[in-house]
Amino acid sequence: MTGSFPADSTLRELSEYLLLVSIYAIELGGVRRSSEDAARQETSLSTKYHSGDQRLDFLFEAVVKALAETGDEVATFTVSTVATFSTNLDTRDVPRNLLEDYGNEIALYAAYPYIRESVQDLSRRLGLPSLTIPLLKRGTPPPFTQPE
C-alpha cells in the first residue's frame with residue numbers, strides 16, 4: 001500500500017522519500033557528416049518525467065551538434081538516459097512544480113555524468129577529438145521539463 005504525499009511539502013522533503021534505483025541509456029547514437037574537425041559544439045537538453053505508484057522516472061535527451069569553424073555540422077550525437085527512483089508514495093500526488101524542481105535539481109545532476117561520458121565516448125568512436133559538454137551550473141536556467 002502506498003501513502004499520499006503532502007501537498008505543501010518541500011523539495012528537501014520529497015528527496016527524503018525517493019531512492020535512486022538505476023540510471024541507464026535507452027538511446028546512444030552519433031552520425032559523422034564531414035571529415036572536418038569540430039571547432040565548437042551546441043548542446044540541447046530536454047527533460048520529461050513519468051510519475052506513478054511507487055516510482056518516478058526522468059528521461060533526459062541530449063542532442064550535441066559538433067560544428068566546424070565555418071559553422072557546418074561535423075557530427076550529431078543523441079544520448080537518451082533514464083533515471084529511475086522508487087518510493088513508498090504514489091508520485092502522481094506530488095505537485096507538478098515539485099516534480100519539475102526535483103528533475104532539474106536532483107535527478108539531472110545524478111544522470112548528467114553518464115550523459116557527458118556517452119558524448120565523449122561517441123565522439124572518439126567517430127574519430128573526433130573527445131567532446132566534453134559543459135558542466136551544469138546552479139542558478140542558470142534549468143532545461144525544459146514536461147510530463148510524459
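Colleague: How do β1 and β3 pair, and over how many bridges?
Modeller: Strand β1 (residues 19–32) and β3 pair in the antiparallel sense, over 12 bridges. Two strands pair here if DSSP finds at least two bridges between them. The strands and helices themselves are DSSP runs numbered from the N terminus: at least two residues of E for a strand, at least four of H or I for a helix. This is a predicted model, where local features need pLDDT of at least 70 and side-chain atom pairs count only at pLDDT 80 or more, while totals for chains, interfaces and linings use all residues. Residues are numbered from 1 along each chain as its sequence is written, and side-chain values use heavy atoms, with hydrogens and water left out.

Colleague: Which residue of β3 does Gly30 stand opposite?
Modeller: Phe77. Phe77 is also the bridge partner of Val64.

Colleague: And how do β2 and β3 run, with how many bridges?
Modeller: They run antiparallel, joined by 14 bridges. One example is Lys65, whose bridge partner in β3 is Thr76. The hairpin of these two strands has 5 residues between them, and Gly71 there takes a positive phi near 95 degrees.

Colleague: Why is β3 said to be largely enclosed by the rest of the structure?
Modeller: Because 14 of its 18 residues are buried. Buried means under 20% relative accessible area, exposed means over 50%, and partly exposed is in between, using a 1.4 Å probe and protein chains only.

Colleague: New topic. How many residues has the largest nonpolar core?
Modeller: It has 32, and those with the most contacts inside it include Phe58, Phe85, Tyr102 and Ile115. β2 (40–67), β3 (73–90) and α2 each give two or more residues to this core, and α2 gives the most, with 10. A nonpolar core is a set of buried Ala, Val, Leu, Ile, Met, Phe, Trp, Tyr and Cys residues joined through side-chain atoms within 4.5 Å.

Colleague: How many aromatic pairs does the structure hold?
Modeller: There are 5. Rings of Phe, Tyr and Trp (its six-membered ring) pair if their centres lie within 6.5 Å; planes under 30 degrees apart count as stacked, over 60 as edge-to-face, and the rest as tilted. Phe58 and Phe60 are stacked, because their ring centres are 6.3 Å apart and their planes are at 10 degrees. Both Phe58 and Phe60 are buried.

Colleague: What about Phe85 and Tyr102: how far apart are the centres of their rings?
Modeller: They are 5.3 Å apart, with the planes at 85 degrees, so that pair is edge-to-face. Phe85 is in strand β3 and Tyr102 in helix α2, so the pair ties together parts 17 residues apart in sequence.

Colleague: Which residues form one aromatic cluster?
Modeller: Tyr49, Phe58, Phe60, Phe85 and Tyr102. Phe85 is buried at 3% relative accessibility, and Tyr102 is buried at 2%.

Colleague: Now the loop between β3 and α2. Is Thr91 buried or exposed?
Modeller: Thr91 lies in that loop and counts as buried, at 1% relative accessibility. A polar atom of its side chain lies 2.8 Å from the backbone oxygen of Arg55.

Colleague: Last one. Where does α2 bend?
Modeller: At Leu108, by about 50 degrees. That bend is the angle between axes fitted to the seven residues ending there and the seven starting there. Further along, Glu117 lies in α2 (residues 96–125) and is partly exposed, with a relative accessible area of 41%. Gly127 follows α2, with a positive phi near 80 degrees.

Definitions and conventions. A polar contact is a pair of N or O atoms within 3.5 Å; within protein, one must be able to donate a hydrogen and the other to accept it, and residues adjacent in sequence count only if both atoms are side-chain atoms.
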